[in-house]
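This briefing is intended to be read alongside the sequence and the coordinates.

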Amino acid sequence: MAKSQTKELALEDLWSNNPVFGQVLGICSTLAVTNLVLNTTVMCAALIFTLSFSSMSVSVLRKFTPRNIRMMVETLIIAFYVIIVDVILKAYWPQMSESLGPYVGLIITNCIVMGRCEACANSNPPARAMLDGFFNALGYSFVLLIIATFREVLGMGTFLGFAVPYFSSSYWDKWIIMVMPPGAFFMLAIVVWIFRSIQIASQEKTK
Amino acid sequence: MNITPQITQAFIVCISAIFTQNILLSYFLGLCPFIGCSREVRSSVGLGLAVIFVMTCTCALNWILYHFVLEPLHLEFFRFIMFIIIIAAFVQFVEMVIDRFSPYLYQRLGVFLPLITVNCAILGACLFMVIRNYSFIVTVGYGLGSGIGWFLAIVAMANIRGKLANDLIPKGLQGPGITLIIAGIMALAFIGFTGVLAGQ
């Protein structure tokens with residue numbers, strides 16, 4: 001595939017059609033773990049792995065899959081990769097597996113994975129499908145990492161578990177609400193608002 | 001086995017799944033249909049009712065299969081695939097039954113049923129019941145409570161959004177943005193229920 005095409009694809013998935021603030025898909029299963037940066041990183045890595053490889057597999061099998069059962073086949077492919085992630089986590093990092101709870105398994109029903117399989121992998125060659133999956137997962141991860149950073153620093157005064165100078169001292173009143181569920185909703189709303197406003201402003205400029 | 005304490009526990013779990021640990025507002029499950037389908041009160045009621053029904057039944061069904069098939073065979077890691085297949089098959093089955101016996105109900109719920117297969121709240125409830133080691137009766141209570149909690153949240157959201165329809169909202173905040181902020185405020189309100197149930 002030409003290099004410029006890859007760049008175009010990356011730009012589209014990371015910015016103009018970003019899964020979180022463009023398509024608003026798949027926020028369910030990962031929003032819950034964004035109160036700690038470390039958990040979010042692991043979850044995003046799991047998602048990048050699952051989305052890239054399931055997109056590729058769906059694309060490889062697209063000519064052999066009967067049309068009317070393709071949703072079921074896609075779900076099974078996704079579940080297969082999620083089980084790999086789950087088993088690896090349980091074997092090598094049991095504490096992390098415990099603190100993520102059911103959310104690793106919930107990647108199966110994460111709408112963005114199914115959405116990309118349907119929208120792109122079904123009609124494109126494997127290399128392109130895999131890149132599309134990878135960049136979509138990356139675009140998704142960077143937004144979630146922004147949210148996680150704000151929530152952890154403001155709510156607990158730490159970043160990746162290490163104390164942040166000003167925010168962990170007594171000058172800073174910790175915003176407990178940030179690590180609780182409402183904080184996730186508010187942070188996501190603010191991020192969506194900011195990014196969408198920038199997009200709208202730049203669209204008006206080009207007109 | 002004495003059954004009364006189990007029923008009591010099932011009742012407590014049911015109430016707490018509705019209020020203090022609402023599956024949508026404190027575990028973020030089922031957010032996609034919540035944002036996508038909460039524009040109209042009528043359709044949100046239909047979707048909510050379908051979720052209550054499917055969630056209660058699939059939780060019970062998955063409990064039986066998990067404890068009597070997967071556990072004796074030591075295939076616990078296989079549960080993701082089994083749960084999702086059961087959910088998909090059950091939804092399909094319910095759709096056919098309703099279509100056959102009650103065209104009125106089918107008209108009201110029909111379009112929402114396929115959507116439920118990809119609703120993470122259902123799979124989430126099934127996974128939670130395994131992680132928390134609920135007994136069968138408690139699982140039924142939990143499935144019912146989670147469904148009712150989801151129903152309450154989406155109907156409330158649809159009503160609020162109906163009131164907001166004519167208001168001026170900044171461009172970047174229209175649609176998902178404002179919905180998320182309302183959901184945040186609702187989550188705050190639901191935190192107020194914490195402590196209603198002692199002995200949780």
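In this predicted model, helix 7 of chain B covers residues 120-131.

**Helix 7 of chain B**
- The buried residues of this helix are B:Cys120, B:Ala121, B:Ile122, B:Leu123, B:Gly124, B:Ala125, B:Cys126, B:Leu127, B:Phe128, B:Met129 and B:Val130.
- Just after the helix, B:Asn133 adopts a positive phi of about 60°.

**Nonpolar core**
- The largest nonpolar core holds 116 residues, and those touching the most other members are A:Leu188, B:Leu123 and B:Ala125.
- B:Leu123 is in contact with A:Leu106, A:Ile108 and A:Thr109 of chain A, and with B:Phe83, B:Ile84 and B:Ile87 of chain B, when residues up to four places away in sequence are not counted.
- In soluble globular proteins, nonpolar side chains tend to be buried together.

**Contact between chains A and B**
- Chain B contributes 33 residues to the contact and chain A contributes 36 residues.
- On the side of chain B that touches chain A, at least two residues each come from helix 2 (31-36), helix 4 (79-101), helix 7 and helix 9 (176-191) of chain B.
- Helix 9 of chain B supplies the largest share of that side, 9 residues.
- By residue class, the side of chain B that touches chain A comprises 26 nonpolar, 6 polar and 1 charged.

**A:Val192**
- A:Val192 belongs to helix 9 of chain A, which runs over residues 181-206.
- A:Val192 counts as buried because 26 C-beta neighbours lie inside 10 Å, where the cut-off is 20 or more.
- Not counting residues up to four places away in sequence, A:Val192 touches A:Phe21 together with B:Pro176, B:Gly177 and B:Leu180.
- A:Val143 is 49 residues from A:Val192 in sequence, yet their C-alpha atoms are 9.3 Å apart.

**B:Ile137**
- B:Ile137 lies in helix 8 of chain B (residues 136-164).
- B:Ile137 is partly exposed because 18 other C-beta atoms lie within 10 Å, a count between the limits of 12 or fewer for exposed and 20 or more for buried.
- Its contacts, leaving aside neighbours within four places in sequence, are B:Gln6, B:Ile7 and B:Ala10.
- B:Ile137 and B:Ile3 are 134 residues apart along the chain, with a C-alpha separation of 9.1 Å.

How values were computed. Residues are numbered from 1 along each chain as its sequence is written. Chains are lettered from A and ligands numbered from 1 in the order in which they are written. This is a predicted model: local features need pLDDT of at least 70, side-chain atom pairs count only at pLDDT 80 or more; totals for chains, interfaces and linings use all residues. Helices (H or I, at least four residues) and strands (E, at least two) are DSSP runs, numbered from the N terminus. Two residues are in contact if their C-beta atoms, placed from the backbone, lie within 7 Å. A nonpolar core is a set of buried Ala, Val, Leu, Ile, Met, Phe, Trp, Tyr and Cys residues joined through C-beta atoms within 7 Å. The expected span of a helix is 1.5 Å times one less than its number of residues. Ala, Val, Leu, Ile, Met, Phe, Trp, Tyr, Cys and Pro count as nonpolar, Asp, Glu, Lys and Arg as charged, and the others, Gly among them, as polar.
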